[in-house]
Amino acid sequence: MTIHWCGTGLSAIPGLRRLIEAGYPVTVWNRTVEKARAEVGDLTDDIRTFDIDALGAVLEKGDVIVSMLPGDWHVPLAELAIEKGAHFVSSSYIAPEMRALDDKAREAGVALVNEVGLDPGIDHLMAHALVDDYRASDAFDPENHLSFISYCGGIPKNPNPFRYKFSWSPLGVLKALRSPSRSIRDYAPLDVARPWDAISTYVAPLPTPESFEVYPNRDSIPFMQQYHFEDHWPVKEFVRGTLRLNGWSDAWSDVFREIETLEGPEGEARLKEMSDQFWAENAYDEGEPDRVVLCVGLKAEKDGKAVWHKTYVMDAWGDERGSAMARLVSIPVSLAVEAVLNRAIPAGVHAAPSDPKLVQAWMAEIDKLAQHLQVVDHTA
């Protein structure tokens, strides 16, 4: 059994090092061997140039492929895993093409595990924990009206005028700003063409409450099923979104205006130009601490009054261990690899686990990664 860890970008290293240090047989694959050697060469010399055919030639039944590569590699690597009877793990969202591999994966007896990073990943664990807690409570009533929020953001620990800093190329952030979102507000779907059309204020229940700008992203609605909401529950609000420092929308207002006008190849070229400029002006300096804030909340109301309301809140920042983002993305990935090897996750395509034992065990590990992790009971 070998773990084939593909990709040694900024968000991959702590989890990769954890597995090697724990004594697992790990082969490291990266497009640039020198970069991988700089990150983990002190722990292993089993570092190879990434090539899917070369990987296929050595991949054996029962191995695990970890893809920390760009998203367009995930499905080809998952298909290779199925073909060879190996398992697959990535931190990325489950694309429709990945979902479509579920039957083949079950037939082959292999697990294709995705959405096990920070967001998506830790947010899912928190949501499952809250929904289970609510279901088991005396306040549970299928007729209660529910409000669910999940907001996550990587932000600078030391705020800058731009109210944001970049750990890697800004292009992904800029492209995400052009994406529509779907959520539930006032019991009905809310479709938003651009994030800045739906920015609101959220007060995070940190030890010292702190207010942030938040907006919905992607399509939140399918996650109601993933979080085991029953179809007949009245849902007043359901939103998964992004969290930013206060003042972000003002600092970025010119960016929003320009993005709105960009079209075609010229528009793509201008986006790349903007990305390069932002990277030059607002990248993290060497050793500068980042910060990650994640809040997942569930509220149940009866006759307009909250009868159950808890928020899972996490605050983490870069320290001597490195960036908060890197450890919060990659260490859950390493936990998923261990769960697959321990047969704790069944065959098929899966997101972060809902099994209470795994959720509890993983959150205990995540507690060590964050400077603050707490479930706040607002009705106590």
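1. Cysteines. A disulfide is here a pair of cysteine sulfur atoms within 2.5 Å. By that criterion the structure holds 0 disulfides. For C152, the closest cysteine sulfur is that of C295, and at 9.0 Å it is too far for a bond. C152 has 8% relative accessibility and therefore counts as buried, where buried means under 20% relative accessible area, exposed means over 50%, and partly exposed lies in between (1.4 Å probe, protein chains only). C6 also counts as buried, at 0% relative accessibility.

2. Basis of the model. This is a predicted model, in which local features need pLDDT of at least 70 and side-chain atom pairs count only at pLDDT 80 or more, while totals for chains, interfaces and linings use all residues. Residues are numbered from 1 along each chain as its sequence is written, and side-chain values use heavy atoms, with hydrogens and water left out.

3. Domains. The chain is divided into domain 1 (3-113) and domain 2 (122-322 + 354-377); such bounds come from an automatic or database domain assignment. The centres of domain 1 and domain 2, taken over C-alpha atoms, are 27 Å apart.

4. Record annotations. An unreviewed UniProt entry places "domain: Saccharopine dehydrogenase NADP binding" at residues 25-113. In the model this span is 42% helix and 21% strand, and its end C-alpha atoms lie 20 Å apart. The feature "domain: Saccharopine dehydrogenase-like C-terminal" is placed by UniProt (unreviewed entry) at residues 117-367. Residues 117-367 are 35% helix and 29% strand, with end C-alpha atoms 15 Å apart. UniProt positions are given in the numbering used here, feature names are shortened, and annotations may be inferred rather than shown by experiment.

5. Nonpolar cores. A nonpolar core is a set of buried Ala, Val, Leu, Ile, Met, Phe, Trp, Tyr and Cys residues joined through side-chain atoms within 4.5 Å. The largest has 70 residues, of which V89, L118, F229, M314 and L328 touch the most other members. Helix α13 (residues 324-341) gives the most to this core, with 11 residues. At least three residues of the core come from each of domain 1 (3-113) and domain 2 (122-322 + 354-377). A second, separate core of 23 residues includes L77, I82, F88 and L112.

6. Contacts of L328. With neighbours within four places in sequence left aside, L328 is in contact with G117, L118, I122, V292, M314, A316, I366 and L369. Contact means heavy atoms within 4.5 Å.

7. Helix α7. Helices (H or I, at least four residues) and strands (E, at least two) are DSSP runs, numbered from the N terminus. The 14 residues of α7 (residues 122-135) should span 20 Å at 1.5 Å a residue, and the end C-alpha atoms are 20 Å apart, which agrees; the expected span is 1.5 Å times one less than the number of residues. Because 10 of its 14 residues are buried, α7 is largely enclosed by the rest of the structure. Among the buried residues of α7 are I122, L125, M126, L130, V131 and Y134, together with D123 and H124.

8. D133. Within helix α7, D133 counts as partly exposed at 30% relative accessibility. Beyond its neighbours within four places in sequence, D133 is in contact with W308 and K310. D133 and V313 are 180 residues apart along the chain, and their C-alpha atoms are separated by 15 Å.

9. The loop between β6 and α7. Most residues other than glycine have a negative phi, and most peptide bonds are trans. A cis peptide bond joins D119 and P120, with omega about 15°, and P120 lies in the loop between β6 (111-113) and α7. E115, in the loop between β6 and α7, has a positive phi of about 55° although it is not a glycine. E115 is buried, with a relative accessible area of 3%.

10. The loop between β7 and α8. R163 is placed in the loop between β7 (145-156) and α8 (171-176), and its phi is near 60°, a positive value in a residue other than glycine. R163 is partly exposed, with a relative accessible area of 23%. N158 is found in the loop between β7 and α8 and is partly exposed, at 43% relative accessible area. Not counting residues up to four places away in sequence, N158 touches E288 and P289. N158 and Q226 are 68 residues apart in sequence and 35 Å apart in space, C-alpha to C-alpha.
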